[in-house]
Amino acid sequence: MRIYNKITRHLVCHELTIDADCSTVWNTIAMPGNLNLCHPFCKENQVYTWGKIGAEDSIEYFNGLMLKRVFTDWREGEGYTLKIGNSYYASAKVVWSLDDIDVDKTALKIQIHLYPDIVLDRV
């Protein structure tokens, strides 16, 4: 298992090699409510619309924080991009992408581009 982490001033990246083909990994991350299965801090991932640009869901964390996610890009079999935040402001852009390494190995990369003025409530 290969793990890559990178943190810069406004960007957090994580890359993980998964022992499964790209199609299997895509079917998992593209499944409605997938955060219920894999997000360590997710209490509930509620889906409103799914599977395309404009899709929306919400995530409630165990600490009670609830955020809305709006999908701004959907690349079938490759990944997606979303904005996450409260009802009024996006606090980050999140990019999920897949890279086919081998027949049965896939790299999953998640990039979180933080909007510090929003996160620090300086608007």
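In the predicted model described here, Asp99 stands opposite Ala107 in strand β8. Local features of this predicted model require pLDDT of at least 70 and side-chain atom pairs pLDDT 80 or more, whereas totals for chains, interfaces and linings use all residues. Residues are numbered from 1 along each chain as its sequence is written, and side-chain values use heavy atoms, with hydrogens and water left out.

Strand β7 (residues 90-102) runs antiparallel to β8 and is joined to it by ten bridges; two strands are taken as paired if DSSP finds at least two bridges between them. Two residues separate β7 from β8 in a hairpin. Strand β8 (residues 105-114) is also antiparallel to β2 (residues 11-18), with eight bridges between them. In this pairing, Leu16 stands opposite Leu108 of β8.

Overall, the chain contains three helices and eight strands, defined as DSSP runs (helices H or I, at least four residues; strands E, at least two) and numbered from the N terminus. Their order from the N terminus is β-β-α-α-β-β-β-β-β-β-α. Of the 123 residues, 34% are buried, that is, under 20% relative accessible area with a 1.4 Å probe and protein chains only. The accessible surface of the chain is about 7,600 Å², and carbon and sulfur atoms account for 55% of this area, as computed by the Shrake-Rupley method with a 1.4 Å probe. Contacts are defined by heavy atoms within 4.5 Å; among those between residues at least 6 apart in sequence, 30% join residues at least 24 apart.

Helix α1 (residues 22-29) has Cys22, Val25, Trp26 and Ile29 buried. These residues lie on the same side of α1, because they cover an arc of only 100° around the axis, the arc being that of the directions from the helix axis to the C-beta atoms. The buried residues of α1 pack against β2, β5 (66-75), β6 (79-85), β7 and β8.

The largest nonpolar core has 23 residues, of which Ile29, Tyr80, Ile84 and Trp96 touch the most other members. Such a core is a set of buried Ala, Val, Leu, Ile, Met, Phe, Trp, Tyr and Cys residues joined through side-chain atoms within 4.5 Å. At least two residues of this core come from each of α1, β4 (56-61), β5, β6 and β7. With residues up to four places away in sequence not counted, the residues touched by Tyr80 include Trp26, Ile29, Phe71, Trp74, Val94 and Trp96.

Methods
Buried < 20%, exposed > 50% of the residue type's maximum accessible area, 1.4 Å probe, protein only.
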